[in-house]
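Biologist: Could you walk me through this one? I keep reading labels and would like to see where they come from.

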Amino acid sequence: MIDPVLAVKGISVGWGGTALIENATFEVHPGEIFGILGRSASGKSTMLRTLIGLEHTLAGTIEICGRPPDHDHGGPPPFGVMFQQGALFGALTVGQNVALPLERWTRLPHDAIDAIVRAKLRLVELEYAVAQLPSTLSGGMRKRAAIARALALEPPLIFLDEPSSGLDPITSAEIDRLIATLAHVLGLTVVIVTHELGSITTIVDRCVLLDRESRSILAAGVPRDLAHHAHPRVRNFFTRSAEAA
């Protein structure tokens with residue numbers, strides 16, 4: 001049996017000792033595009049911050065490639081992250097932003113780093129913008145640049161925070177296709193935090209649905225199957241329905 005890339009066991013996440021989600025358990029398998037879903041204020045962002053080690057769990061354990069996300073092994077983390085809105089450094093060019101992980105975690109010469117940066121930008125169809133500042137890019141381009149930075153160290157797993165949120169429908173669909181292509185071509189495992197139903201139904205293989213009322217994972221499985229779930233809040237989420245829960 002193949003070990004999961006991400007193993008979450010009985011975790012509770014929240015702020016100031018108050019849990020937003022309690023006793024969450026799920027696994028992400030190699031090569032999957034896995035969705036962490038939920039309505040606004042359901043705990044998605046807090047779950048992401050906890051999974052990547054920016055917040056501590058209130059209970060339970062997390063393992064990424066067999067180790068805790070915040071454990072210092074003296075090397076780079078086994079994952080990359082695209083934060084919501086890209087989180088690019090405005091004073092640096094696109095190329096300099098993508099180079100940051102390589103400069104932090106490797107001793108490669110400048111020419112090698114430059115070649116890797118251009119290769120990663122080529123993967124996201126943004127090589128022409130290597131010398132541009134983030135302020136000159138559209139929203140979709142900034143997200144592509146942030147994905148390139150997440151791929152800089154060639155991690156087996158990347159986390160994407162709302163990758164298609166705030167984009168027009170065509171650009172959103174282009175980002176979805178890019179994610180699916182990268183996952184297939186590079187053999188990546190991808191965890192997407194999103195509430196965008198278009199992305200969920202198009203590219204997500206399996207998912208968990210976080211629920212603020214029950215403070216739990218309300219449902220887990222294949223998105224198209226959850227549209228017919230017995231629980232009304234699950235069914236409503238996947239059908240965009242406002243019927244009483």
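Modeller: Let's go through some labels and check each against its cut-off. Keep in mind that this is a predicted model.

Biologist: Fine by me. Why are helix 4 and helix 5 called roughly parallel?

Modeller: Look at the angle. Helix 4, residues 139-150, and helix 5, residues 169-186, pack at about 15°. Angles under 35 degrees count as roughly parallel, so helix 4 and helix 5 get that label. Their axes are 10 Å apart, and the crossing is right-handed.

Biologist: Which residues meet where helix 4 packs on helix 5?

Modeller: From helix 4 you have Gly-140, Arg-144 and Ile-147. On the helix 5 side they meet Thr-171, Glu-174, Ile-175, Leu-178 and Leu-182. Sorted by type, the residues of this contact are four nonpolar, two polar and two charged.

Biologist: Next, what is the phi of Glu-125?

Modeller: Its phi is about 60°, a positive value, although Glu-125 is not a glycine. You'll find Glu-125 in the loop between helix 3 (110-123) and helix 4.

Biologist: How do you know whether Glu-125 is buried or exposed?

Modeller: Its relative accessibility is 58%. Exposed means over 50%, so Glu-125 counts as exposed.

Biologist: And where is Glu-162?

Modeller: Glu-162 sits in the loop between strand 6 (157-161) and helix 5. Here too phi is positive in a residue other than glycine, near 50°.

Biologist: Why is Glu-162 called buried?

Modeller: Because its relative accessible area is 5%, and buried means under 20%. So Glu-162 falls on the buried side of the cut-off.

Biologist: Now strand 3. What makes you say that strand 3 is mostly covered?

Modeller: Count the residues in 33-38: six of six are buried. That holds on both faces, with Ile-33, Gly-35 and Leu-37 on one side and Phe-34, Ile-36 and Gly-38 on the other.

Biologist: How do you know which strands pair with strand 3?

Modeller: Two strands pair if there are at least two bridges between them. Strand 3 has five bridges to strand 7 (residues 189-194), in the parallel sense. Strand 3 also has five to strand 8 (residues 206-211), again parallel. Both counts meet the cut-off, so both are pairs.

Notes. Residues numbered from 1 in each chain as written. Predicted model: local features only at pLDDT ≥ 70, side-chain atom pairs only at ≥ 80, totals over all residues. Heavy atoms only, no water. Axes fitted to C-alpha atoms, helices over the stretch in contact; angles between N-to-C directions. Helix = DSSP H or I, 4+ residues; strand = E, 2+ residues; numbered from the N terminus. Parallel < 35°, antiparallel > 145°, perpendicular 65-115°, else oblique. Left-handed = near helix turned anticlockwise from the far one by under 90°. Contact = heavy atoms within 4.5 Å. Nonpolar A, V, L, I, M, F, W, Y, C, P; charged D, E, K, R; others polar. Buried < 20%, exposed > 50% of the residue type's maximum accessible area, 1.4 Å probe, protein only.
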